[in-house]
Amino acid sequence: MLETSQLILASGSRARYSLLKSAGVAFTVIPADIDETAVRETLTSDNPEIDPVDVADVLARVKGEAVSAANPDSLVIAADQVLALGPEIFSKPADLEDARECLKKLRGRTHQLHSAVVLAENGEVTWAHVETADMTMRNFSTTFLSEYLVKAGEAVCHSVGGYQLEGQGIQLFEKIDGDYFTILGLPLLPLLAELRQRDVLTS
């Protein structure tokens, strides 16, 4: 069984850290030092019709391979999440006004959260998985939107789509179809199953 120092989470995400920690997994954190925006822009400019699922998968792979290459004796967990409305991929809002426009575009419609997770060894991905959640926003009023942005404040700029389901962002939604862990950015159950398969965790 791997020592704690031999299982690495290549992410600075507090949500992913908390999910793994709460599940009883022992690991260290080494965030991947890559420019996610640049990678995403290169992918979409080279192939404007690229499936958002593939964007999430590639981003997770790039992170995993980078950290794994620098830590060849470790097993690296890397993940990424892409929010898309059809083929359109969203980024974190630049400011509150940008968040307002983003939420107006998502209002009354169903968008997708594509969450990818990979395991990498010796600089190469040896396992990958992507799950998708369908998120349907209710047709909230302009007054509600304004009040939401005031209450949530600058925190909305830290999340793609301008919302956090763990907080007031849940009030934006009418219906959610998908795994809770996937929505938070880490398909946890498939990952735990693979770690047990590899004897990293007790089966």
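1. In this predicted model, helix H4 meets helix H5 through Leu96, Ala99, Arg100, Leu103 and Lys104 on the H4 side. The H5 side supplies Leu145, Ser146, Tyr148 and Leu149.

2. By residue class, the contact of H4 with H5 holds six nonpolar residues, one polar and two charged. Tyr is counted as nonpolar here.

3. As to geometry, H4 covers residues 96-106 and H5 covers residues 142-152. Their axes come within 11 Å and cross at roughly 140 degrees. An angle over 145 degrees would count as roughly antiparallel, and 65 to 115 as roughly perpendicular; H4 and H5 are therefore oblique to each other. The crossing of H4 and H5 is right-handed.

4. The other pair to note is H2 (residues 36-46) with H3 (residues 52-70). The axes of H2 and H3 come within 10 Å, with a crossing angle of roughly 135 degrees. H2 and H3 are therefore oblique as well, and their crossing is right-handed.

5. Which residues make the contact of H2 and H3? From H2 they are Glu36, Val39, Arg40 and Leu43; from H3 they are Val55, Val58, Leu59 and Lys63. The contact of H2 with H3 divides into five nonpolar residues and three charged ones, with no polar residue.

6. For the write-up, I would give both quantities for each pair, because two packed helices are described by the angle between their axes and the distance between the axes. For H4 and H5 these are roughly 140 degrees and within 11 Å; for H2 and H3, roughly 135 degrees and within 10 Å.

Technical notes: Residues are numbered from 1 along each chain as its sequence is written. This is a predicted model: local features need pLDDT of at least 70, side-chain atom pairs count only at pLDDT 80 or more; totals for chains, interfaces and linings use all residues. Side-chain values use heavy atoms; hydrogens and water are left out. Axes are lines fitted to C-alpha atoms, for helices over the stretch in contact, and angles run from 0 to 180 degrees between N-to-C directions. Helices (H or I, at least four residues) and strands (E, at least two) are DSSP runs, numbered from the N terminus. Angles under 35 degrees count as roughly parallel, over 145 as roughly antiparallel, 65 to 115 as roughly perpendicular and the rest as oblique. A crossing is left-handed if the near helix is turned anticlockwise from the far one by less than a right angle, and right-handed if clockwise. Contact means heavy atoms within 4.5 Å.
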